[in-house]
Amino acid sequence: MNKSFDEKVKLMISNEPDFTPPTCIEKIDKTLDNLPGNDAGLHINKTHRPKTKIFLVAAIITVLMMTTAIAAPRLFKIGKHLLNEFAGINDPNLESKRDEIEERNSYIEYTKEIDGVKLTVNNIAIDDNFIVITSTVESKTPLRDILLEKTYYKDFLEDTGLSHHEYYFNYFSPNFLFNVNGDEIEFSLSDNSSYLKDKYTLVSIQKYVIGKEIPDIFNLHIYCAQAVVFVNGDWSFDISIDKSEEKSRSKTITPNITKYIKSVVYGREIEHEITIDKVSISPLGGKIEISETGHDIFRDFVLKDNLGNYHFVFNESVSYKEKGDIVKNIFEFTVDSSEIENINELEFIPILLKGDFKEKTVMLPENIEDTDIKISNIGGYRIENIEFNKEETKITLKPYGAVLQYRSIINGAFSPVDKEGLQIDVNGLITQKYDKNNGNLIVSFFSAQEETERLQSELGGFRFVEMPKIEINEKEKIELNFSH
Amino acid sequence: MAGELNKQEQIELSKEEFCRLIKDCQSSMYRLAKSILLNQHDAEDAVCSAICKAYIGRNTIRKISSFKSWVLKIVSNEAYTILRNKKKVVYMETALEDNADAYESETPYDVWEAVQKLDEKYRALIVLYYYEDFSIKHISEILSMPQNTVKTRLSRGRNKLKKELMNQEDL
């Protein structure tokens, strides 16, 4: 049966014309043309064996370093320290948790230098659910020059008309992987933001969801599988961490509740057998771990606490693990750290999506805070603020009621309209960020200054997608009690 | 001795040969990157960045016949790096055009359209299996994934692809 299906698919594929866009072919040709005749101008990762003499010297240094490490093992205790690296971060995802990060971290300052590129792990913050790594990458060549020369940053700037875009510098952020007490553990990247401290130095703050319970005192091996600023090498660090004093403000339960839950997606009804394995709220955020068999991820749910507040669930970004047929999905959700003590219960409320979605326009009233982007009868967003900067238009939206992140006004449906309600085409790009304390959504339109000014003068409202037939599935909601 | 043998097996690729090999598999490179990133600009970035990296390491290949799988592994690494770094950013035109591809859709792209609707974890694998005809062993090498995981995901991905194609009423 598979064979006949496979053959049929391959036959269909053979009828599909090549869809590589001409622009891509042009870029490939340009890249190939620009390759040097030899390897001049490109970094070469030499793989030949080092000479014995060098090897011996390296061995002696290694032995000395190991001896030093054995003689004076250093345990980094998590505590309160200010993080100056936040000074240049322009990212609500991380800025909103600055106080909580500064409350529980340790200065590390471990550095490695390979072929003129330096990587420093400056700081590690951690609680039961998240780990935040602050690092610095330094190069002898200005980082912007490397981006312009070796990536498509230049084309990107030409295409968008922007003079600079910080987010593009994430290209140089290290891609950390983790090993705890010798076991490979996947920490999924939740937030990543970086900025140029000076021409040669990039500061990155990266927040990862911890996918597995880790002990209070542990050995952390951090390493990069990818090159750092195009330089390959052993970019790894061994750090011992003590987070024993960090448990006080976290609440965790392992309900192990299994239930059949219904979801309706585009008119198709699906029954999921889900198990809620773990729910945890901590100062850096919340996470809920849900296991299920089958292939359709259940993610149409909201969380409401005993204080009546909805916690914004990041249904779009899910990290998963597989064990046989069981898939475990981990969803992050917002937690206001000042409310942790008062949160005793969370309601896990499934949402049913019935009927079609509709494109709708909302015009800005005199007082923009009265703008109601009503996604459905059970929730929506209100505009809290619109800010016009040089090359950025920033709209802050406050969610109310029950809203699903990944079927929400994001996903490209949110766009500006003029005073007549006609769409304004703006050349540039959009980012969506969140205040991870209160769930506010911050949509930024990045465009050239003249485009931003045009947007400011023409803006009359926004287009979004309404989901009129979205319902709360009261019958199948699950109570998750932290006092049990 | 072993070192000598390895040396004999290694090939030296001139720039011209390298360019020819890249041109031969440029569509496969773009298709794989696009299946991971679902965004034309990012896919192009991934492909071009992979070309630079492949050029640097071109003399580490042992056999010309393994060039395609070797370069696709680099493409997949680059694409996943971009995906991790940029997952919360949407290009405005991508957003407004609802992921429309650059090609004119008068032509039949039923399988490709169905592939793009699959979950991220199935897309690259399905592309390598159906479009590139790679074996499970090769796919596991390209995507750095155990063979058993490839088998499981291929089986699930196949069922999902079947559903998507049936929704299109093509099968």
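From the N terminus on, the elements of chain B follow the order α-α-α-α-α-β-α-α-α-α-α. This amounts to ten helices and one strand. Helices (H or I, at least four residues) and strands (E, at least two) are DSSP runs, numbered from the N terminus. The model is predicted: local features need pLDDT of at least 70 and side-chain atom pairs count only at pLDDT 80 or more, while totals for chains, interfaces and linings use all residues. Residues are numbered from 1 along each chain as its sequence is written, and chains are lettered from A and ligands numbered from 1 in the order in which they are written.

Chain A contains eight helices and 29 strands. Of its 484 residues, 35% are buried. For chain B, with 171 residues, the buried share is 42%. A residue is buried if 20 or more other C-beta atoms lie within 10 Å of its own, exposed if 12 or fewer, and partly exposed in between, with C-beta atoms placed from the backbone. Contacts were assigned to residue pairs whose C-beta atoms, placed from the backbone, lie within 7 Å. In chain A, 67% of the contacts with a separation of 6 or more join residues 24 or more positions apart. The corresponding figure for chain B is 70%.

The largest nonpolar core has 87 residues. Such a core is a set of buried Ala, Val, Leu, Ile, Met, Phe, Trp, Tyr and Cys residues joined through C-beta atoms within 7 Å. A:Ile131, A:Val313 and A:Phe333 touch the most other members. Beyond its neighbours within four places in sequence, A:Val313 contacts A:Phe301, A:Val302, A:Leu303, A:Phe331, A:Phe333 and A:Gln405. Another core, of 49 residues, lies apart from it and includes B:Leu32, B:Ala50, B:Ile126 and B:Tyr130. In soluble globular proteins, nonpolar side chains tend to be buried together.

Helix H4 of chain B (residues 40-56) is mostly covered, with 15 of its 17 residues buried.

Helix H8 of chain B (residues 120-131) packs against helix H3 of chain B (residues 26-37). Their axes come within 8 Å and cross at roughly 150°. Axes are lines fitted to C-alpha atoms, for helices over the stretch in contact, and angles run from 0 to 180 degrees between N-to-C directions. H3(B) and H8(B) are therefore roughly antiparallel (over 145 degrees). From H3(B), the contact involves B:Arg31, B:Leu32, B:Ser35 and B:Ile36. H8(B) contributes B:Arg123, B:Ala124, B:Val127, B:Leu128 and B:Tyr131.

H8(B) also packs against helix H10 of chain B (residues 147-167), at about 90° and with the axes 9 Å apart. This makes the pair roughly perpendicular (65 to 115 degrees). Here B:Lys121, B:Tyr122, B:Leu125, B:Ile126 and B:Tyr129 of H8(B) meet residues of H10(B), among them B:Val150, B:Leu154, B:Gly157 and B:Leu161.

Two loop residues show positive phi without being glycine. A:Asp115, with phi of about 45°, sits between strands E2 (105-114) and E3 (117-126) of chain A. It counts as partly exposed because it has 15 C-beta neighbours inside 10 Å. B:Asp133 has phi of about 65° and lies between H8 and helix H9 (136-142) of chain B. With 10 such neighbours, B:Asp133 counts as exposed.

Notes
Two residues are in contact if their C-beta atoms, placed from the backbone, lie within 7 Å. Angles under 35 degrees count as roughly parallel, over 145 as roughly antiparallel, 65 to 115 as roughly perpendicular and the rest as oblique.
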